[in-house]
Amino acid sequence: MGLFDKLMNKQKQHVSTASETEGPADIPSGIIYRDNEIIISFNAEESREHIRDDFGVLMSEGIEKIIKERFIPWLKGDQFPDKDDALVYDGLHLTGILYHHGRIIARYSPTGTDGRFGQFEFTFDSCSAYTEDMLEAVAMQVYVYDGKIVKVSGYDV
């Protein structure tokens with residue numbers, strides 16, 4: 001057996017799984033919100049440990065309330081201040097939810113300190129004529145730390 005054959009044989013013997021790495025996971029969580037199963041997207045083992053508690057934080061705050069009071073103002077921004085919040089909410093169609101839990105260093109942390117955060121990403125597209133001029137697709141990120149929501153932000157997809 002030559003060197004190439006030995007290397008190929010070693011690669012076949014060990015195939016890493018998402019739980020062995022910090023890389024992408026895309027694992028169904030078993031938690032469903034508005035007909036969308038939350039997908040664990042990264043750091044599988046740690047995320048599995050924290051997802052139920054972190055999702056409980058969102059549920060106790062009220063996901064609809066988070067969307068209406070924290071996300072829609074961001075979405076309207078300076079361009080659409082006169083849009084009706086209720087009609088904007090009705091024009092959002094939830095298309096998916098991702099979650100991961102892991103370390104964020106102080107420089108990028110929503111609290112300005114190192115920590116281990118849960119992060120949910122809700123993606124929406126427009127489902128009404130009222131919101132079609134505002135968005136094609138957007139994402140809302142919700143950061144959970146120490147049993148509290150510490151930041152809600154958004155970005156265009």
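User: What makes strand 5 and strand 6 (residues 148-156) a pair in this predicted model?

Analyst: They run antiparallel and share 8 bridges. The cut-off for pairing is at least two bridges, so 8 qualifies. Within that pair, Gln141 sits opposite Ser153 in strand 6. The hairpin they form has 2 residues between the strands, and Asp146 there takes a positive phi near 55 degrees.

User: What about strand 4 (residues 115-126) and strand 5, how do you know that they pair?

Analyst: Same test: at least two bridges are needed, and these antiparallel strands are joined by 8. So they count as paired too. Here Phe120 faces Val142 in strand 5.

User: Why is strand 5 (residues 137-145) called largely enclosed?

Analyst: Because 7 of its 9 residues are buried, and buried means under 20% relative accessible area.

User: And what does Phe120 touch?

Analyst: Beyond residues up to four places away in sequence, its contacts include Ile38, Ile51, Leu58, Met140 and Val142. Phe120 is also among the residues with the most contacts inside the largest nonpolar core, a set of 34 residues. Helix 3 (residues 63-76) gives that core its largest share, 6 residues.

User: Why does Glu46 count as buried?

Analyst: Its relative accessibility is 14%. The cut-off is under 20%, so Glu46 is buried. Glu46 belongs to helix 2 (residues 44-61).

User: Which residues is Glu46 in contact with, leaving aside neighbours within four places in sequence?

Analyst: His101, Gly102 and Arg116. Contact here means heavy atoms within 4.5 Å, so each of those three meets that limit with Glu46.

Terms used. Residues are numbered from 1 along each chain as its sequence is written. This is a predicted model: local features need pLDDT of at least 70, side-chain atom pairs count only at pLDDT 80 or more; totals for chains, interfaces and linings use all residues. Side-chain values use heavy atoms; hydrogens and water are left out. Helices (H or I, at least four residues) and strands (E, at least two) are DSSP runs, numbered from the N terminus. Buried means under 20% relative accessible area, exposed over 50%, partly exposed in between (1.4 Å probe, protein chains only). A nonpolar core is a set of buried Ala, Val, Leu, Ile, Met, Phe, Trp, Tyr and Cys residues joined through side-chain atoms within 4.5 Å.
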